[in-house]
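I opened this model to look up a few places in the fold. My notes follow in the order I took them.

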Amino acid sequence: MNVGIVSDTHDNLEAAERAAEIFEAEGVEVVLHCGDFVAPPLLAAFDGLELHGVLGNNDGEVSGLEAAFDSLGEGSALHGRFADLAFDGLSFAVVHGESMAEVETLAAAETYDYVCYGHHHRREHREKGRTTLLNPGAHFPAVEDDHRTVAIVDTLSETVRFRSVLE
């Protein structure tokens, strides 16, 4: 199974649509969004995909986001500030990641195979014990091109690859 990970779309509908195109082309079955959607209309870009998301520090319209998730169907859900998910026997913690101490604590506990986060607008892929920390990048003009990416986790090979939304 391929799991797509995206974060910090910040109302950039073009980048969200490009991320969804990449995920569909890569055979992604589930998408995890690490927060900062900003406004509910952005979620329409992920129509047809199972989307799981957490709230970021710029997600103030919670009831609108909940309604937008409900309209996606396909098992999609907004999980609040934290999501504890499992796919193909792998565990995923999803947070926005304003506090790197929280991210590091989740990883250090070695409870999860993957700790996915955003907020810092820089892609990251590193190991901490048995846990992989993963920040997929961010999607607004002030972000360097190298970090305007999404991540894809292959649950069978347990590999991670990044794809640019600018290609």
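**Entry 1: T111.** I started in the loop between α3 (100-108) and β7 (114-116), where T111 sits. Helices (H or I, at least four residues) and strands (E, at least two) are DSSP runs, numbered from the N terminus. The model is predicted, so I noted the limits: local features need pLDDT of at least 70, side-chain atom pairs count only at pLDDT 80 or more, and totals for chains, interfaces and linings use all residues. Residues are numbered from 1 along each chain as its sequence is written, and side-chain values use heavy atoms, with hydrogens and water left out.

Which residues does T111 touch, not counting those up to four places away in sequence? I found S91 and R130; contact means heavy atoms within 4.5 Å. I also checked T111 against G60: they are 51 residues apart in sequence and 30 Å apart in space, C-alpha to C-alpha.

**Entry 2: helix α3.** V103, L106 and A107 are the buried residues of α3. Buried means under 20% relative accessible area, exposed over 50%, partly exposed in between (1.4 Å probe, protein chains only). These residues cover an arc of only 100° around the axis, which puts them on the same side of α3. The arc is that of the directions from the helix axis to the C-beta atoms. I recalled that an α-helix has 3.6 residues a turn, so residues three or four places apart point the same way.

A101 and T105 are exposed on the other side of α3. The buried residues pack against β5 (82-87), β6 (90-95), β7, β8 (124-128) and β9 (131-135). Just after α3, E110 takes a positive phi of about 55°.

Entry 3: I then traced the open sheet. Its six strands run in the order β4-β3-β2-β1-β10-β11, with mixed pairing. Two strands pair if DSSP finds at least two bridges between them. β4 and β11 (159-164) stand at the edges, each with a single partner strand, so one side of each is left without a neighbour in the sheet.

I looked at β1 (residues 2-6) next. Five of its five residues are buried, so the strand is largely enclosed by the rest of the structure. N2, G4 and V6 lie on one side, V3 and I5 on the other. β1 runs parallel to β2 (residues 28-33), joined by five bridges, and I5 has L32 as its bridge partner there. With β10 (residues 149-154), β1 pairs in the antiparallel sense over four bridges; G4 stands opposite I152. β2 and β3 pair in the parallel sense over four bridges, and L32 stands opposite H52 in β3.

**Entry 4: H33.** I picked H33 in strand β2. Is H33 buried or exposed? At 0% relative accessibility, H33 counts as buried. Its side chain reaches the backbone nitrogen of G35 at 3.0 Å. Leaving aside neighbours within four places in sequence, the contacts of H33 include V6, D8, F46, H52 and V94.

**Entry 5: the cores.** Last, I checked the nonpolar cores. Such a core is a set of buried Ala, Val, Leu, Ile, Met, Phe, Trp, Tyr and Cys residues joined through side-chain atoms within 4.5 Å. The largest has 25 residues, of which F23, V31, L43 and F46 touch the most other members. α1 (residues 13-25) gives the most to this core, with six residues. Apart from it lies another core of 18 residues, among them I5, L134, A151 and V153.

Beyond its neighbours within four places in sequence, F23 is in contact with residues including G4, V6, V31, F46 and I152.

Note on methods. A crossover is right-handed if, with the strands pointing away from the viewer, the path from the first strand over the helix to the second runs clockwise. A polar contact is a pair of N or O atoms within 3.5 Å; within protein, one must be able to donate a hydrogen and the other to accept it, and residues adjacent in sequence count only if both atoms are side-chain atoms.
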